[in-house]
Amino acid sequence: MKKNNSVSISVIKRLPKYFRYLNTIADKGIVRVSSKELSEITGLTASQIRQDLNHYGCFGQQGYGYNVRELIDELANILGINRQYSVILVGFGNLGRALYNYQGFRNSGYSFKAIFDRKPEIIEGIEKDVEVFPADHLKEYLKRHKIDIAILAIPKENAQDVCDTLCEGNIKGIWNFVPDDLKTKNNVVLENVHLDESLFTLTYFMNNPNDFNFRD
């Protein structure tokens with residue numbers, strides 16, 4: 001796999017989309033697919049798809065297209081989802097509970113190890129291999145366990161303090177659902193997810209339908 005250092009964030013954000021659609025057609029027994037066929041499925045142009053994939057290598061063959069299973073494996077390697085990740089969840093309110101219960105994470109190699117909440121006594125129905133702790137046990141837990149990813153689903157008050165604790169505890173990445181842009185240190189990767197921004201984007205396109213055809 002090669003990587004062009006000039007790869008834009010737009011290209012990177014399209015890779016999971018390719019991965020998802022390729023798995024869908026693989027489930028239908030399709031062995032190979034052309035960039036034109038992928039274009040019809042994804043809504044992106046064939047040229048765009050070829051350019052995106054060419055940033056990472058020459059995966060297709062002229063006159064043949066792409067081997068679906070091989071391209072899935074290549075994208076899994078590029079996205080880093082061909083390995084296991086240990087995950088903790090901080091905050092078990094309605095959103096945290098929904099994230100925890102989504103089976104797609106486990107199917108993709110993300111393994112929940114612990115849950116932290118201010119009221120751990122209210123957490124019920126948790127698998128036996130997932131520990132539950134009071135929120136103030138987070139720092140001590142990170143000293144004793146190697147964790148790759150922390151999911152933050154807490155109110156914005158004190159969220160930066162929690163983020164700092166995670167960064168000091170050798171977390172590699174934070175998936176942030178706090179309604180605030182947090183700041184990390186120690187080279188910890190941060191992905192902010194703002195649900196209202198996605199909803200506002202939806203209503204924008206509803207009121208400006210002509211722009212919908214020009215989105216990435």
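Q: Start with Lys 172: how accessible is it?
A: Lys 172 is partly exposed, at a relative accessible area of 47%. Bear in mind that this is a predicted model.

Q: Which residue does Lys 172 form a salt bridge with?
A: Its partner is Asp 148, and the closest N and O atoms are 3.5 Å apart. Lys 172 sits in the loop between helix 8 and strand 7, while Asp 148 sits in the loop between helix 7 and strand 6. The two are 24 residues apart.

Q: And Asp 148, buried or exposed?
A: Asp 148 is buried, because its relative accessibility is 11% and the cut-off for buried is under 20%.

Q: How many salt bridges does the structure hold?
A: There are 4. One of them joins the side chains of Arg 14 and Asp 52 at 2.7 Å, N to O. Arg 14 belongs to helix 1 and Asp 52 to helix 3, so this pair ties together parts 38 residues apart in sequence.

Q: How accessible are Arg 14 and Asp 52?
A: Arg 14 is buried at 8%, and Asp 52 is buried at 1%.

Q: Changing topic, what does the side chain of Ser 35 contact?
A: It makes a polar contact of 2.9 Å with the side chain of Arg 50. Ser 35 is in helix 2 and counts as buried at 12% relative accessibility.

Q: Which residues form the negative surface patch?
A: Asp 180, Asp 181, Asp 196 and Glu 197. Glu 197 lies in helix 9 and is partly exposed at 47%.

Q: What about the whole chain, how many helices and strands?
A: The chain has 9 helices and 8 strands. Of its 216 residues, 39% count as buried.

Methods. Residues are numbered from 1 along each chain as its sequence is written. This is a predicted model: local features need pLDDT of at least 70, side-chain atom pairs count only at pLDDT 80 or more; totals for chains, interfaces and linings use all residues. Side-chain values use heavy atoms; hydrogens and water are left out. Patches are made of residues with over 30% relative accessible area and no salt bridge: like charges are joined within 9 Å, nonpolar side chains (Val, Leu, Ile, Met, Phe, Trp, Tyr) within 5 Å. Accessible areas come from the Shrake-Rupley method with a 1.4 Å probe; for residues, only the protein chains shown count as cover. Lys and Arg count as positive and Asp and Glu as negative; His and the chain ends are not counted. The place of a charge is taken as NZ of Lys, CZ of Arg, CG of Asp or CD of Glu. Helices (H or I, at least four residues) and strands (E, at least two) are DSSP runs, numbered from the N terminus. Buried means under 20% relative accessible area, exposed over 50%, partly exposed in between (1.4 Å probe, protein chains only). A polar contact is a pair of N or O atoms within 3.5 Å; within protein, one must be able to donate a hydrogen and the other to accept it, and residues adjacent in sequence count only if both atoms are side-chain atoms.
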